[in-house]
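Visitor: I've just opened this one and I'm a bit lost. Could you walk me through it?

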Amino acid sequence: VYQKEYIKKDGTVFPVELRTFLIRDTAGNPEGMWAIVRDITERRHAEEEIRRSEERYRRIVESSPNGMHIYDLDHDKNLILTGANPAADTMLGIAHTQLIGKRILEAFPNLAGTEIPEIYIKVALGETSPQSFEIPYTDDRFSGYYSVHVFRTSHHSITVNFTDITRRRKTEEALQRSEIEYRDTLDSLPDWIYVVDEKSRIAMVNQALKFELTAHGMEQDCIGKEITIEFPFICEKTLDAIKQVFITGV
């Protein structure tokens, strides 16, 4: 089987595929051949379109600021790392060329015991839709927290798009700790303390005020409700002062 080009009577050049068969005489000596010729213009166009599509995809992967891992599923349903973009090298601080061709748990051993490989396999098999999640990962090469989006790119092939959100997570955890400390501090004070938003809705009350509300048979579940309705004991002067704080910022 081989390919070549033919020329039509009008001068048009087009691709063909030939499947040739040797013809022998009764003595077994070659005396000619048969050839089955097929016009493969449409197939060549389809192949060229696939090539262009793959080139566009490759350029997107190569230029993406996000890290990308590409896995193929083999016959035994093992995920094999078949590619990674430059951003993945930079983000993780490792050379992925040494990992290409390895199974996922060989490349990233600390994924063992997690549900991640199973999620990837289900996406690769088309058993589930694209998945997004956040995961921590640590081994002796790198450590961080990552936002991951995995999607199927072809039959038994997936791309894992990930970004490093370690700094964001640390900020969120610091804010959470600060919020807890803030609430604990307010709850430890003997004074009544309530927090309101710019629409005069109650955002928080401390333990001292909760105790007082309970003692007077008033509802504790006041979060999100207007202060004028829930706290009739708050005088007009205080309400005006609250409004002025939101208006002036002073």
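Visitor: Which residues line the largest pocket?

Guide: A pocket is found on a 1 Å grid over the protein atoms alone: it is an open set of points where a 1.4 Å probe fits, with protein on both sides within 12 Å along at least five of seven lines, and lining residues have an atom within 4 Å of a point. Here the lining is Glu54, Tyr57, Ile70, Asp72, Thr82, Gly83, Thr153, Ser154, Ser157 and Thr159. Helix 1 (41-63), strand 4 (67-73), strand 5 (79-84), strand 7 (143-154) and strand 8 (157-164) each give two or more of the lining residues; helices (H or I, at least four residues) and strands (E, at least two) are DSSP runs, numbered from the N terminus.

Guide: A word on the source: this is a predicted model, where local features need pLDDT of at least 70, side-chain atom pairs count only at pLDDT 80 or more, and totals for chains, interfaces and linings use all residues. Residues are numbered from 1 along each chain as its sequence is written, and side-chain values use heavy atoms, leaving out hydrogens and water.

Visitor: Is helix 4 (116-124) mostly buried or exposed?

Guide: Buried means under 20% relative accessible area, exposed over 50%, partly exposed in between (1.4 Å probe, protein chains only). In helix 4, seven of the nine residues are buried, among them Ile116, Tyr120 and Ala124.

Visitor: What covers them?

Guide: Contact means heavy atoms within 4.5 Å. The cover includes strand 4, strand 5, helix 3, strand 6, strand 7 and strand 8. Just after helix 4, Gly126 has a positive phi of about 80 degrees.

Visitor: What does Tyr71 touch?

Guide: Leaving aside residues up to four places away in sequence, Tyr71 touches residues including Leu81, Phe108, Tyr120 and Ile158.
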